[in-house]
Amino acid sequence: MHVFTDNLAGNLVYELGSAKFVEERLAEHGLEYQLDERSRDPTKEIPRHAAE
């Protein structure tokens, strides 16, 4: 999960180098994953995402 606090350019989590790195490592080990992105305050969005 990545929370954009200021995403005026409209970037997507799939465009982040760190997300690509993690995707590659997980795929190498055959692990399932789902990338998720949110906007706003990370201190609120991360717990909200965990509750979902």
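Trainee: Are R38 and E45 buried or exposed?

Mentor: Both R38 and E45 are buried. This is a predicted model, in which local features need pLDDT of at least 70, side-chain atom pairs count only at pLDDT 80 or more, and totals for chains, interfaces and linings use all residues. Residues are numbered from 1 along each chain as its sequence is written, and side-chain values use heavy atoms, with hydrogens and water left out.

Trainee: Why is R38 called buried?

Mentor: Buried means under 20% relative accessible area, exposed means over 50%, and partly exposed lies in between (1.4 Å probe, protein chains only). R38 has 16% relative accessibility, so R38 counts as buried.

Trainee: What makes E45 buried?

Mentor: The relative accessible area of E45 is 4%, under the 20% limit, and E45 is therefore buried. E45 is found in helix 2; helices (H or I, at least four residues) and strands (E, at least two) are DSSP runs, numbered from the N terminus. Leaving aside residues up to four places away in sequence, E45 touches M1, V3, R38, S39 and R40, where contact means heavy atoms within 4.5 Å.

Trainee: How do you know that R38 forms a salt bridge with E45?

Mentor: A salt bridge is a side-chain nitrogen of Lys or Arg within 4 Å of a carboxyl oxygen of Asp or Glu. The closest N and O atoms of R38 and E45 are 3.6 Å apart, so the pair meets that definition.

Trainee: What makes the contact between the side chains of R38 and E52 a salt bridge?

Mentor: Their N to O distance is 2.8 Å, which is within 4 Å, and the pair therefore qualifies. This pair links distant parts of the chain, with R38 in strand 2 and E52 in the segment after helix 2, 14 residues apart. E52 has 65% relative accessibility, over the 50% limit, so E52 counts as exposed.

Trainee: Which residues are linked with R38 in a network of salt bridges?

Mentor: The network of salt bridges links D36, R38, E45, R48 and E52. The structure holds six salt bridges, one of which joins the side chains of R25 and E24 at 3.5 Å, N to O.

Trainee: Why are R25 and E24 called partly exposed?

Mentor: R25 has 28% relative accessibility and E24 has 45%. Both values fall between 20% and 50%, so each residue counts as partly exposed.

Trainee: Why is R40 called exposed?

Mentor: R40 has 64% relative accessibility, over 50%, and therefore counts as exposed. R40 lies in the loop between strand 2 (37-39) and helix 2 (42-51), and has a positive phi of about 105° although it is not a glycine.
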